[in-house]
Amino acid sequence: MSTPLAALSKTDAAPPPAAPPLRVVPTRRAGQWAAATLVLVLIGLGLVSVVRNKAFQWDVVAQYFTSASVLRGLVLTLWLTAVVMALGFLLGTLLAVLRLSSNPVLRAVSWGYVWFFRSTPILVQLLFWFNIGALYPQILGVNTVNLLGPVSVAVIGLTLHEAAYAAEVVRGGILSVDRGQIEAAESLGLGRWRRLTRIVLPQAMRAIVPPAGNMLIGTLKGTSIVSVIAVQDLLYSTQLIYHRTYEVIPLLLVATLWYVAVTSVLGVGQYYVERHYARGTGGAR
């Protein structure tokens, strides 16, 4: 029989030594590192070839990059993009509201508009508007032969085209709003217009902004198509120069670098706008 002293010594005995911590060995990804190294080498070789290739004529690019005619074309491109996006989303929002209306006639009209303008190429639409005088020499007694200039045709054609896509973007954003939010607004007695502007659209912006930002960048690049109707945008301005100097490659590089610069700025702006509307949802990064 053990004594109390022996029992006490057993109780105060040192605890067993802890097991050594497990060593975490990172997975070796030799294949991934080899592939990444190969990609970096290829990118470096490509950049070196672009910089050292005299056919690019970087001195000519620097000469015309900030020339007056190119900057005038850039300003017109930016102005055209802003006007088309503003008018396109204004008309597109109206079409989206009509598409969600309970009136079958309004829904059918909106659907028909979107279907038609999304089904025809933008170049065909521009050419039709450019030749509107041949189709309808007079409308309500107004002579249409010289009524629309190239810039007016570009604004009308691009706006009608963009509105069809903007309508679907806005409609998708409105449908993303929880139905309970709308029902709660109805129970408070808010009218349809106030429900749309105070409840629906602010929440729908989270779903609208990303595709709208992509549309903005696409519209900026898409304005280059108006050069076919002699609108002196950025691309047409560079074309006028290389038709005179025959320096095609460097002038195309001038237009390319300006498009890349502007789209990069727009991409940064889109990122911060998305963060603004994603606040409180866990989507802000």
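Start with α10: among the residues that line the second largest pocket, α10 supplies the largest share, eight residues. Helices here are DSSP runs (H or I, at least four residues), numbered from the N terminus. The model is a predicted one, in which local features need pLDDT of at least 70 and side-chain atom pairs count only at pLDDT 80 or more, while totals for chains, interfaces and linings use all residues. Residues are numbered from 1 along each chain as its sequence is written, and side-chain values use heavy atoms, with hydrogens and water left out.

**Stop 1: the second largest pocket**

Select M205, I208, V209, A212 and G213, which lie nearest the centre of this pocket among its 16 lining residues. The volume is about 220 Å³, meaning the space filled by probe spheres set on grid points that are joined across faces, edges and corners. A pocket is found on a 1 Å grid over the protein atoms alone, with a 1.4 Å probe, as an open set of points with protein on both sides within 12 Å along at least five of seven lines; lining residues have an atom within 4 Å of a point. Now colour α4 (68–99), α10 and α12, each of which supplies at least two residues of the lining. By class, the lining has 12 nonpolar, four polar and no charged residues. Ala, Val, Leu, Ile, Met, Phe, Trp, Tyr, Cys and Pro count as nonpolar, Asp, Glu, Lys and Arg as charged, and the others, Gly among them, as polar.

**Stop 2: α10 against α12**

Keep α10 and α12 in view. Their axes come within 10 Å and cross at roughly 180°; axes are lines fitted to C-alpha atoms, for helices over the stretch in contact, and angles run from 0 to 180 degrees between N-to-C directions. The two helices are therefore roughly antiparallel (the word applies to angles over 145 degrees; under 35 is roughly parallel, 65 to 115 roughly perpendicular and the rest oblique). Select P202, M205 and V209 in α10, then Y259, V262 and L266 in α12; these are among the residues where the helices meet, contact meaning heavy atoms within 4.5 Å. The contact residues divide into 12 nonpolar, five polar and three charged.

**Stop 3: α4 against α10**

Next select α4 with α10. They pack at an angle of about 140°, with their axes 11 Å apart, which makes α4 oblique to α10. On the α4 side the contact includes L78, V84 and F89, and on the α10 side I208, A212 and L216. This contact has 11 nonpolar residues, three polar and one charged.

**Stop 4: α11 against α12**

Select residues 234–245 for α11 and 248–277 for α12; the angle between them is about 165° and their axes lie 9 Å apart. That makes α11 roughly antiparallel to α12. L234, I241 and Y242 in α11 are among the residues that meet α12, where the partners include L251, A255 and W258.

**Stop 5: the largest pocket**

The largest share, four residues, comes from α10. The lining has eight nonpolar, no polar and five charged residues.
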